[in-house]
Amino acid sequence: MHKPNNLILKSTSSLIVFILLGFAVYLLLAGHNSPGGGFVGGLTTTAAVLLMFMAYGEEQVNKIIRINYIQLIPLGLLVAILTGLGSLLFNVPFLTHTFGTFTIPLVGEVELATAMLFDLGVYFTVFGSTMTIILTIASDRGSVKE
């Protein structure tokens, strides 16, 4: 059987994956002040990684990205829950967020918000769960009997 020529897909996917991952980071970082956040950033990262799977195949991508996606789900949930519980230490309602500004040499003033930590937890949870679901469905494609 003849193998399809994926030259165009492989050559363009590297650039597209780079752009998608950059956009995902932007969405994650901008999410607590403007539209975006952990959910949409996680979905965008999933799209980038899935494009790599389609272009290069499961074996090649698993050699490069050695992540057990299912382990990202409890990690993300833990980060999100701990961020929400942190507000209780200061006797304010659950998920009350705060922020502070810090001066970093050569960068200037940078704002750090607890909402960003919550978004990071959502990002890990969404990325881990969507990758797990899609890869589980994809690996089960040969077990259907006619």
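A definition comes before the entries: I call a crossing left-handed if the near helix is turned anticlockwise from the far one by less than a right angle, and right-handed if clockwise. This is a predicted model, in which local features need pLDDT of at least 70 and side-chain atom pairs count only at pLDDT 80 or more, while totals for chains, interfaces and linings use all residues. Residues are numbered from 1 along each chain as its sequence is written, and side-chain values use heavy atoms, with hydrogens and water left out.

**Entry 1: helix 2 and helix 5.** I looked up this pair and found that helix 2 passes helix 5 in a right-handed crossing; helices here are DSSP runs (H or I, at least four residues), as strands are (E, at least two), numbered from the N terminus. The two axes come within 8 Å and cross at roughly 35°, where axes are lines fitted to C-alpha atoms, for helices over the stretch in contact, and angles run from 0 to 180 degrees between N-to-C directions. Contact means heavy atoms within 4.5 Å, and on the helix 2 side I noted G38, G41, T45, V49 and F53 among the residues that meet helix 5, whose own share includes D119, Y123, F127 and M131. By class, this contact has 12 nonpolar, six polar and one charged residues, with Ala, Val, Leu, Ile, Met, Phe, Trp, Tyr, Cys and Pro counted as nonpolar, Asp, Glu, Lys and Arg as charged, and the others, Gly among them, as polar.

**Entry 2: helix 1 and helix 2.** I then turned to helix 1 (residues 7-30) and helix 2 (residues 38-56), which pack at an angle of about 165° with their axes 8 Å apart. Helix 1 is therefore roughly antiparallel to helix 2, a term for angles over 145 degrees. Helix 1 passes helix 2 in a left-handed crossing, and the contact includes L9, K10, V17, L20 and L27 of helix 1 and G41, T44, A48, L51 and A55 of helix 2. I recorded its classes as 17 nonpolar, six polar and one charged.

**Entry 3: the core.** A nonpolar core is a set of buried Ala, Val, Leu, Ile, Met, Phe, Trp, Tyr and Cys residues joined through side-chain atoms within 4.5 Å, where buried means under 20% relative accessible area, exposed over 50% and partly exposed in between (1.4 Å probe, protein chains only). The largest one has 13 residues, and V49, F53, I65, Y69, F127 and M131 have the most contacts inside it. Helix 2, helix 4 (69-86) and helix 5 (114-139) each give two or more residues to this core, and helix 2 gives the most, with six. Leaving aside neighbours within four places in sequence, I found M131 in contact with T46, V49, L50, F53 and Y69.

**Entry 4: T83.** Is T83 buried or exposed? This residue of helix 4 counts as buried because its relative accessibility is 13%; beyond four places in sequence, T83 is in contact with H97, T114, L117 and F118.

**Entry 5: loops.** Most residues other than glycine have a negative phi. I noted that phi of L95 is near 70°, a positive value, in the loop between helix 4 and strand 1, and that L95 is partly exposed at 32%. Phi of L106 is also near 70°; L106 is found in the loop between strand 1 and strand 2 (108-113) and, at 93% relative accessibility, counts as exposed.

How values were computed. Parallel < 35°, antiparallel > 145°, perpendicular 65-115°, else oblique.
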